[in-house]
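The structure is set out below for reference.

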Amino acid sequence: MTARKLAVALSAILLILLAASLPAAAAEAPQNFAVLDTPAALPEIKFADAAGQPKTLAGYSGKVVLLNIWATWCGPCRKEMPTLDRLQAKLGGPDFEVVALSMDRKGPEAVKKFFIETSITHLALNIDTSAQAMFTLGAVGLPMTLLIDRDGKEIGRLIGPAEWDAPDMVDFIRSRIAVK
């Protein structure tokens with residue numbers, strides 16, 4: 001092999017290795033995930049944690065957030081909740097959090113019971129017993145999930161259930177976390 005061919009081959013290998021080590025900043029959105037061309041401001045929503053303490057999305061500033069609007073009485077929500085728990089276990093940390101926001105009017109006890117029954121251990125209990133957040137965010141049904149950037153702006157949304165821990169979904173969310 002000539003020196004020139006060797007240099008070209010080594011350059012190609014280096015480019016492949018470099019590309020593989022970079023975050024997939026442009027990972028393609030999974031099916032049914034509607035990504036906005038430009039992140040959009042979100043209206044303020046209020047909810048409470050398990051202890052009844054008030055919360056807002058501003059409390060997650062600096063993190064990428066996957067906000068899932070759900071309820072224990074919603075069949076598709078119940079099915080997807082374990083996948084959200086596994087996603088939080090896999091990616092949750094200082095840069096990312098799954099915020100599962102229950103719309104249960106029966107209060108946090110109904111959600112606690114569901115979490116125990118389904119072995120949900122990585123998601124924090126968040127609840128809006130008034131369901132006002134659902135209407136404020138324009139949910140046409142449950143579940144509805146919004147991906148929110150570090151500045152609190154909506155990147156995109158998915159209406160209906162999803163396999164949140166599926167490899168394509170994890171890669172897509174990782175690519176959004178990688179954007180600083």
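**Entry 1: helix 3.** I looked up the face of helix 3 turned away from its buried side and found the exposed residues E109, K113 and I116 there. I took exposed as over 50% relative accessible area, buried as under 20% and partly exposed as in between, with a 1.4 Å probe and protein chains only. Helices are DSSP runs (H or I, at least four residues), as are strands (E, at least two), and I number them from the N terminus.

I note for the record that this is a predicted model, in which local features need pLDDT of at least 70 and side-chain atom pairs count only at pLDDT 80 or more, while totals for chains, interfaces and linings use all residues. Residues are numbered from 1 along each chain as its sequence is written, and side-chain values use heavy atoms, with hydrogens and water left out.

Helix 3 spans residues 108–117, and its buried residues are A110, V111, F114 and F115. Viewed down the helix axis, these buried residues fall within an arc of 135°, so they line one face of the helix. The arc is taken from the directions from the helix axis to the C-beta atoms.

I then asked what the buried residues of helix 3 pack against. They pack against strand 4 (64–70), helix 2 (75–91), strand 5 (96–102) and strand 6 (126–127), where contact means heavy atoms within 4.5 Å. Just after helix 3, I found S119 with a positive phi of about 60°.

**Entry 2: aromatic pairs.** I paired rings of Phe, Tyr and Trp (its six-membered ring) if their centres lie within 6.5 Å; planes under 30 degrees apart count as stacked, over 60 as edge-to-face and the rest as tilted. The count by this rule is five aromatic pairs.

W70 and F114 form a tilted pair, at 5.3 Å centre to centre and 45° between the planes. This pair links distant parts of the chain, since W70 lies in strand 4 and F114 in helix 3, 44 residues apart. W70 is buried at a relative accessible area of 0%, and F114 is buried at 2%.

W70 and F115 form a stacked pair, at 6.1 Å centre to centre and 5° between the planes. Here W70 in strand 4 and F115 in helix 3 are 45 residues apart. F115 counts as buried at 8% relative accessibility.

I also recorded one aromatic cluster, formed by F33, W164 and F172.
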